[in-house]
Amino acid sequence: MMNTFLQHIWQRYPLVIEPCEEHESGEKMVFEAPENNAIIALIAPLSECLYHCGISHNEEYDSDVWLLPVADCLRHIDALTVINSATRTLLMKVRHWQKNSVTLLRLNVAHRYYTFETEQQIWGHESNAVSEPLRKRARELTRDCCDLCGYSHPEHTLRFRDGNPENDTDNNLGVCCAVCLFSTRLNRLSANDGVMVYLPTMAPEDVSHLLRTLALARREGNERQKKDAASILNWLISHREETEAYWGTSHPGEFGQALLSASPELRETLQQRLRHVALIVNPELLLNHSNQSGPPLDAWPQLSQHFLCHD
Ligand SMILES: [Zn+2]
C-alpha cells in the first residue's frame, strides 16, 4: 500500500483534503506545491491506514482518491515533535471537522502516469549487459512480478526504475516483462516494432496481457484461434487513426524522441497526456520469447468474443 501511495503521486498539482461526510460537503483544504509535498510527507507513514477508492478525472489530470480515518490522522500528528505551518493548518481544520462528527477524510492526489519511458545510452552500461547478481536481487524484491503489468515470470528483464544503471539501491531495482519492455525503450523503437494507438478504455497492464495472449494464440493456437487473434490485432491497430489525427504520428520512436528531448516538466505533462495511448507491439517480435505465455488458450473463446464484439 505504501508503495502504491507514494509511487503514483504527482506533486505538481494540488492535494485536496475534504471530509467524507455529507453534512460537511463543500468544506475542503487545498494544498498547492510546495505545501502539498509537506503534507504528503506527513501522511506517507500512514499509508497502512489509507484506503484507495478509485481515480477521479478532470480536464487537466487524474487524481487518486484515498480515504483516511480522522482518528489515525490526528494520532499521528499529535505524536510529532516538530510541526510546520502546513501541518498546523491541517491539524486545526481536522480537529474542527472531528468536532463536527467527521470520521473520514478524502484525499485527492494527482496521479502520475509513466506508462512510457525512454532509454539513454550511458557509456559503460550497454543495455544488453545484464548484471546477474542485480537481476537476482531484483527478482527477489519483486517476486518476479513485472513492474508495469504485474505479470509474474522468472525470465523478466532487470529494470532500473529511475533509468540510471549506476543506482543499484533496492528501491531502484525492478523487473520488466517482454511486452512492457518495449514501452520502456520507446525512443529506440522503429515503425516496425509497434504502433501507438488511442485506447482510453484499456489500462496499459490489460493491453500487455492481451498482447501476450495474442502472441500465444498466433504461435500455438488452432486455425480458428489464429484467425480471431488477427481480427483482435486489427481492431487494436485500427485505433492508430485517432493517435495520428491528434499527434500527427503513430510511430513509437517519434513519441520516444519527444519524451527524451522534453524538459523534465514538459516530459511529465506529456506522460500525463499519453495516459490513454497504448503501444501495440508487433506480435512477430514476441513470438520467440519463451516468457510471453499468457492466459491459457482455453480462456480464448470468452476473450475473443469480448474483443470481436467491438468490430
Ligand atoms: Zn509487463
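Which residue of β2 stands opposite valine 16? The answer is valine 30, and that pair is a handy way into this fold. What you're looking at is a predicted model, in which local features need pLDDT of at least 70, side-chain atom pairs count only at pLDDT 80 or more, and totals for chains, interfaces and linings use all residues. Residues are numbered from 1 along each chain as its sequence is written.

Let's start with the overall tally. The protein chain has twelve helices and nine strands, where helices (H or I, at least four residues) and strands (E, at least two) are DSSP runs numbered from the N terminus. Buried residues account for 30% of the 311 residues in the chain; buried here means 20 or more other C-beta atoms within 10 Å of a residue's own, exposed means 12 or fewer, and partly exposed is in between, with C-beta atoms placed from the backbone. Take the contacts between residues at least 6 apart in sequence, and 76% of them join residues at least 24 apart. A contact is a pair of residues whose C-beta atoms, placed from the backbone, lie within 7 Å.

Now back to the sheet. Five strands make an open sheet in the order β2-β1-β5-β4-β3, with antiparallel pairing; two strands pair if DSSP finds at least two bridges between them. Because β2 and β3 (51-57) stand at the edges with a single partner strand each, one side of each has no neighbour in the sheet. Neighbouring strands are turned against each other by 20° on average, direction ignored. For angles in general, axes are lines fitted to C-alpha atoms, for helices over the stretch in contact, and the values run from 0 to 180 degrees between N-to-C directions.

Walk along the sheet and you can count the pairings. β1 and β2 share three antiparallel bridges, while β1 and β5 are joined, also in the antiparallel sense, over four bridges. Over at β3, the antiparallel pairing with β4 (residues 62-69) runs over five bridges, and tyrosine 51 is partnered with leucine 67 in β4. Helix α3 (residues 70-78) packs on the sheet and touches β4 and β5, its direction making about 80° with that of β4.

Proline 19 counts as buried because 25 C-beta neighbours sit inside 10 Å. Leaving out residues up to four places away in sequence, proline 19 touches Glu24, Glu27, Trp97, Val102 and Leu105. Tryptophan 97 is 78 residues from proline 19 in sequence, yet their C-alpha atoms are 7.3 Å apart.

What about the nonpolar cores? Such a core is a set of buried Ala, Val, Leu, Ile, Met, Phe, Trp, Tyr and Cys residues joined through C-beta atoms within 7 Å. The largest one has 38 residues, and Cys146, Cys177, Val179, Leu211, Leu214 and Ile280 touch the most other members. Its largest share, seven residues, comes from α7. Beyond its neighbours within four places in sequence, leucine 211 is in contact with Val179, Ile280, Val281, Pro283 and Leu286. Another core, of 17 residues, lies apart from the largest one and includes Phe5, Leu68, Leu90 and Leu105.

Helix α7 (residues 204-220) also packs against α8 (residues 223-238), at an angle of about 145° and with the axes 8 Å apart. The contact is made by Leu214, Ala217 and Arg218 of α7 together with Gln225, Lys226, Ala229, Ile232 and Leu233 of α8.

The peptide bond from alanine 33 to proline 34 is cis, with omega near 5°, and proline 34 sits in the loop between β2 (29-31) and α2 (35-43). Serine 101 isn't a glycine but has a positive phi of about 65°; it lies in the loop between α4 (85-99) and β5 (104-110). Serine 101 is exposed, with 11 other C-beta atoms within 10 Å. Arginine 143, in the loop between α5 (132-142) and β6 (157-160), also has a positive phi, near 50°.

Methods. Two residues are in contact if their C-beta atoms, placed from the backbone, lie within 7 Å.
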